[in-house]
Amino acid sequence: MAPAAKTVCVMDASGRLGAALVASLLHRGYTVHASLQNREDLQSVNLKGNLNKLKVFHSDPLDYHSIMIALKGCSALFYSFQPPPDHSTYDELMAEVEVRAAHNVLEACAQTETIEKVVFTSSVTAVIWKDGIKTMSSDVDERHWSDVNLCKKYKLWHALSKTLAEKTAWALAMDRGVNMVSINGGLLMGHDLTINNPYLKGAAEMYEDGLFVTVDLKFMVDAHICVFEDVSSYGRYLCFNNIINSQKEALRLAHMLLPPSESPSPPSLESSIVYQQGISNKKLNKLMVDYESGEAC
């Protein structure tokens, strides 16, 4: 665990991931700047630790000045994009919004002398959407990027936004000397998951290609803190702890997403196909080996 004197910023702290990161970081002894687009949005999570170490800021990722205020005195930023209230749907225009936000956030970090590291939350969808996946001789991993033109062609707006925003962040981080790592998470599981989640566009293709991966909230939070605290972390990390590549797994997810009247019937004995996993998270798993016991992750 890092020294308790460290101050870190979580932006946006209003989503499930952000709120859980705030709670976990407080529990680990950090002082936390929780940055939200709306102050009222901080979820009523079980905030363990010293609440005197929690400071709440109103920050709009499209407002550079408000980001600078939240970052003041912080040694690190955990950043995950939260769609603005007036543009909550992933469509062809969301990429521009998410790219602008990523640019503002990384520029603010470059201008904040105390920032030592940025943990940038991206998505597996910024990795897997490209032609020729099935004919690749090795698994998809952090070296791969989704094809922007393919995303546009098939209207994969979530993948397009995540790809362009992450590329923008990396370009600026490298240009300005910002120490950044990214967590490319799978589909985040939880009770609020619905069939309308933008990650699910193209789910059938992900399933058949062995690329449909999911991640639990705790594992996602642990991964973020691990890559922050481990000084050897670098680059991108694919983050997932389950793969949906069998009819049993697919049915379980369908029952979560759909009302009982629309849920599919159990598969027949002949329908027990298991698709070969085509994606690897070895890089993250290797980093997290030492964090899997006790208080650490």
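Biologist: Which residue forms a salt bridge with Asp222?
Modeller: That's Lys218, and the closest N and O atoms of the two are 2.8 Å apart. Keep in mind that this is a predicted model.

Biologist: Is Asp222 buried or exposed?
Modeller: Asp222 is buried, with a relative accessible area of 11%. Lys218, on the other hand, counts as exposed, at 57% relative accessibility.

Biologist: What about the rest of α7, how many of its residues are buried?
Modeller: 11 of the 13 residues are buried, so α7 is largely enclosed by the rest of the structure. Among them are Phe219, Met220, Val221, His224 and Phe228. Glu229 is on the buried list too.

Biologist: What span should α7 have, and how far apart are its end C-alpha atoms?
Modeller: At 1.5 Å a residue, its 13 residues should span 18 Å. The end C-alpha atoms are 19 Å apart, which agrees.

Biologist: Back to salt bridges. How many does the structure hold?
Modeller: There are 9 of them. One is between the side chains of Lys6 and Glu116, at 3.0 Å from N to O. That pair links distant parts of the chain, 110 residues apart: Lys6 is in the segment before β1 (7–11), and Glu116 is in the loop between α3 and β5.

Biologist: Why would such side chains pair up at all?
Modeller: Side chains of opposite charge can pair when their charged atoms come close.

Biologist: How accessible are Lys6 and Glu116?
Modeller: Lys6 is partly exposed, at 24% relative accessibility. Glu116 is partly exposed as well, with a relative accessible area of 48%.

Biologist: Okay, which residue does Glu98 meet in a salt bridge?
Modeller: Lys162, with 2.9 Å from N to O between the side chains. This one also links distant parts of the chain, since Glu98 is in helix α3 and Lys162 is in helix α5 (residues 157–176), 64 residues apart.

Biologist: Are Glu98 and Lys162 buried or exposed?
Modeller: Both are buried.

Biologist: New topic: where is Thr114?
Modeller: Thr114 is in the loop between α3 (94–111) and β5 (117–123). With a relative accessible area of 36%, Thr114 is partly exposed.

Biologist: Which residues is Thr114 in contact with, leaving aside its neighbours within four places in sequence?
Modeller: Leu71, Gly73, Cys74 and Ser75. For Cys74, the backbone oxygen lies 2.7 Å from a polar atom of the Thr114 side chain.

Biologist: And how far is Thr114 from Lys72, going by C-alpha atoms?
Modeller: They're separated by 7.8 Å, though the two residues are 42 apart along the chain.

Biologist: Last one, Ser59. Where is that, and which elements does its loop lie between?
Modeller: Ser59 is in the loop between β3 (54–58) and α2 (64–71).

Biologist: What's in contact with Ser59, leaving aside neighbours within four places in sequence?
Modeller: Met11, Ser35, Leu36, Gln37, Ser66, Ile67 and Ala70.

Biologist: Where does the backbone oxygen of Ser66 lie relative to the Ser59 side chain?
Modeller: That oxygen is 3.1 Å from a polar atom of the Ser59 side chain.

Methods
Residues numbered from 1 in each chain as written. Predicted model: local features only at pLDDT ≥ 70, side-chain atom pairs only at ≥ 80, totals over all residues. Heavy atoms only, no water. Helix = DSSP H or I, 4+ residues; strand = E, 2+ residues; numbered from the N terminus. Polar contact = N/O pair within 3.5 Å; in protein donor to acceptor, adjacent residues only side chain to side chain. Contact = heavy atoms within 4.5 Å. Buried < 20%, exposed > 50% of the residue type's maximum accessible area, 1.4 Å probe, protein only. Salt bridge = Lys/Arg side-chain N within 4 Å of Asp/Glu carboxyl O. Expected span 1.5 Å × (residues − 1).
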